[in-house]
Amino acid sequence: MTRRQWQRVSAGLVALAAGVLSSGAHAQAGWLDPARWDLSGTLRMDTAFRLSNSENTVNERGNPYNNKEVQRAGALPGLPPLLFDSTTRNGPDLTPDNHLNLAQLRGEFSFDYRVMRNLELRVRGRAVHERADMMFSKFRASQIGSERIYESNEKVVYFAPESNMRNISRWHPFEWSGNDYMVDFPAFYLNWQQGPLNVRVGNQQIAWGQLIFFRILDQVQGLDLRRHSALDFAGEEFSDKRVSTPAIRATYQLGPWILEAFGQKFQPTIIPNANTPYNFLFSGFSVHNNYDDVRDKIDYGARARGVLGPFVIQAMAARRHEHLGQFRWVPDGHGFAKNAPAPIDLLPIDLPLTGALIFAPSAHYPDPAGVWSGEEWFYQAGAARLNGVTALNNSIDQVSDGHLRTFLARPCPDLQCAQRELDLFFQLFGPLTGNIEQNYHQGNVFGLGLGYTIETPSRPASIFNQMIVNVEAVYEPNRVFTDTGLSVNYLKEDDLTIGVVAETWHRWTPAFPGMYMVWQYMHRRKGDMFGRHLSGFGGDKNNVPTGIDSFNAVVFAFQQPSPSLVWRFDFAALYDIKGGLLLQPAVKWEPTKNWRVDAFVNFLEGSLHGKRTENIVSSLQDASGHELSFRIAYQF
Amino acid sequence: MPLARALAKDGDSARAYPDELLSIEEWSGGRLKPGDEINAGNVDLVEALLDPIRYAQIKDMGRTLQLRATTTDVSRLMPVPYLEATLRNAGRARFDARGNVVSDDGGPWIGGNPFPDPRDGVEAFAGHTLSWGRHDAVVYPFKTYALTGDGVPRYEYEGAWAELSPVARVVMEPRPHWPGHENRLRYQSLLFVYPESVSGTAYLNIWPYDHHAFPELYGYLPQFRRIRKLPTDQRFEPLVPGSNLYLSDAWAAGDPLHTWGDYRIVWRGPVLAAVSGGWNPEHPDWAHATHGGPRGQTFWDTAVELVPEAIAVEARPVKFPRAPVGKKCVWFDARTMLPLSMVSYDRRGELFRSFDGAYGVYASGDRQVMAGDYPYWSWTHVHGFDIQSGSMTRLEQVREVRGGHRLMVYDQAIYQRYLTETALQRHGL
């Protein structure tokens, strides 16, 4: 569907809504009648304090190589080192002293309008203002002399995804965002019920599956990670993160079975922008996002869920775009180089045309925001779960038909060779950024779920009594992954993900209500929870990745309310069996009908055992560090 | 004349009881009469007619009760179709080997109260558990207010409660059983629409006909944006912050019959209860006025009358080994087997919580709400009180709540609108 067609469909829906509204107005006296509509809302302040003395290591301010002297030994492949020097990445202006990860003021409202007895308009609006910048020091491009990588934007862009997805216009038809604010409508749809049929038309969230946080059957929509990333209050799962989509969704109740189908406009996952506190893409990458190529594409799918004997079974199939997309090298995606002289570190002056001749056809551009040494290159590659050697080789061989070979660049067989060649590049041209493009491929996903409730009537006090166990699995044939060397040829492999969840309420003592407990296990064959291919795991500044066989994680969480439910004590733990642990103790307090306070700590440890880059928690730890969060809400 | 015969004759209970049990004036020897107020100054006169917690509330917390004349026309004390079915099907109920109530053909019960003249405690509870609200299907819009021990109204909620019986139906077709659903006792859902923090939260309980089995529980929780199956055996927790109401408290018989046990009748006698006149048509929303407590907002204004005979039944939560409740005592109106009040005790045997409801026909003067061919009869308000903390939860049935949820009764559309997973999804945002 073309954009013009989308516009026509949108206009049609609005006209339909208006028509229905007006007809309803005639059908019942007074379409402004207060009995027809409800309005409620919440004002909330979210604050997260960083408890460690570091900043996000993929951002300019938190790069661990800042102010650190590194020895370089430049050499062409097959030759001994010729140039020796040392370099120190961006200097004292970038001392990582920020202790505020998040300071967001948000307002939300819900508006329901009853058009007719079986037709409603449901709207939920959200406005968020990020205030962290106003209180704490932040990154400025001018601090490092970066001229183009941040497009001379002196502000850190918290919300407008166009900062990362530079070549696209508004990414979502129901969102308006800028540097430090966003306004959107996570729900804006007509809800129609006719007997057993429920139809929703408009912007909406669609969530499937019994597992919490482990998104196995929950395949329909991506995540918006600009508001506290995935580190928000665990008890809320992804309700604030799931990306709403303009969609048509029909649900039909057939006895104990629910049949459901949807068609939706594709909306991608939105990752935090460069140099924002929860960013997880190295800020030296310049991303050329190709969402425009697929923004009018339709994803669709269906699900059936019902009871068969003692089991609850469900099956789903969907054809949908990979929400995060896939990355690969691309030549000068933003045209930084072609009109500018490039600096040559060994020469006192910039030579005309060097930008166009050397860098425009390549995947790199000289800028202080980039990588300064071979060692840093491999450190960044390990942290990003990439292979530094193949990434170098692919950038030489695959971009613009091996353009860099013209300048004697050659692929390397091992880390030492690659590190020396990279050192030589950096010695010659200074720090280099990387140009990558982000594409979204469509694939098929098939899922099955099976649920069973354990009952022990003869032992009602057993913790297993009324325990609900669900197994869910999805299979994705020919799933497209980012190649760990950022090759222009993506990885394609059949992928299988399996999860098990057991949940129960158990009363430990008559004095307190039952504790809600959840145990979960997830096994992924090819990629981690963020979609990174497992063959990129295990690398660091001294080693190329060896990969891991599978991703496995377990979760234990509980919620223990006080006798009156005014207080609730939550705990969530995620253990990556490769040595990562995320702990989140939390407390929730609702002192009155209007006020609610949440406080929680995220404790992240990515170095329990094994290699740090073999688990996913280290990635979260590198980004946010341990943090203490508060949320104070007033609802009306 | 025995009660059953009196009711069968013309629906008037007056012939079954002596005059002193039909008039508060007679009973009190002229010291009280309809129109009088029961308060701390005279509550000792009627202590024998009150459960211990209501007595304490009046004596110590400023609660008052307005006296009205005894209603003897039983058709004003429950829905007429249910009464007619009770009389029509008298003597046809029994327990099968599993302990389920069945009719003489061995199938699920066919409507009305199977044990209108209960011989023991389990019969008293069985009839009531089969049909809480005495309607085949109904949606109650409600508002509830939770007050702290010092009388401060801290929380306020709005929602809708829906019940539908697929068996023992007395009005709705098909009846008495809904083909294909005979293995279910009840579909029941609870939906919250206010405030924002709970709006969209909805639970669906599907009760098996097996009186031992726990319902299946499905929940739509806004934070998950989807329906999830939930464990169902924890039924002694507040549903929302600050509230004193548990799932187990519903209609004083919120759990499957045989998850409680040791049922026994412990007392019979007259009581004061709000069995009629509870509807307040003067308020456009049918809201009730309050009084008493530290801030004058703890208790609903309530009119009570002398109920000639109540049956007090005790039971213990035998399938809930760590329940905070050690036992409960429910007072049933012997004429209707409706629960009048409930007092529960903690596991130490101390007084714990109490519930007392008010009922009435929704007709007054020229104003009435119809339910099929007859004026609507239902509960009107409920007190849920924790005597150990002093906290009170007040609940009232209102005309309409946010979301456009209005009273519905005897309407099969209730099933699709409130009692399926699709319905839960529709109400969730």
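The model is a predicted one, in which local features need pLDDT of at least 70 and side-chain atom pairs count only at pLDDT 80 or more, whereas totals for chains, interfaces and linings use all residues. Residues are numbered from 1 along each chain as its sequence is written, chains are lettered from A and ligands numbered from 1 in the order in which they are written, and side-chain values use heavy atoms, with hydrogens and water left out.

Residues up to four places away in sequence apart, A:A409 touches A:I396, A:L404, A:E421 and A:F425, contact being defined as heavy atoms within 4.5 Å. Between A:A409 and A:S550 the C-alpha separation is 35 Å, at a sequence distance of 141 residues.

A loop position is also found for B:T420, between α6 (413-418) and α7 (421-427) of chain B. This residue is buried, with a relative accessibility of 1%.

Chain B comprises 7 helices and 26 strands. Its radius of gyration of 20 Å is close to the 22 Å given by the globule rule for 429 residues, so chain B is as compact as a globular protein of that length; the radius is taken over C-alpha atoms, and the rule is 2.2 Å times the number of residues to the power 0.38. Along the principal axes, the C-alpha atoms occupy a box of roughly 60 × 50 × 50 Å. Buried residues account for 69% of the 429 in chain B. Of the contacts in chain B between residues at least 6 apart in sequence, 63% link residues at least 24 apart.

At the interface, 71 residues of chain A contact 50 residues of chain B. The two chains bury about 5,600 Å² between them, with 48% of this area on carbon and sulfur atoms; buried area is the accessible area (1.4 Å probe) that two parts lose on being put together, summed over both. A:R117, A:W505 and A:R507 contribute 13% of the area that chain A buries against chain B, more than any other three residues.

Notes. Helices (H or I, at least four residues) and strands (E, at least two) are DSSP runs, numbered from the N terminus. Buried means under 20% relative accessible area, exposed over 50%, partly exposed in between (1.4 Å probe, protein chains only).
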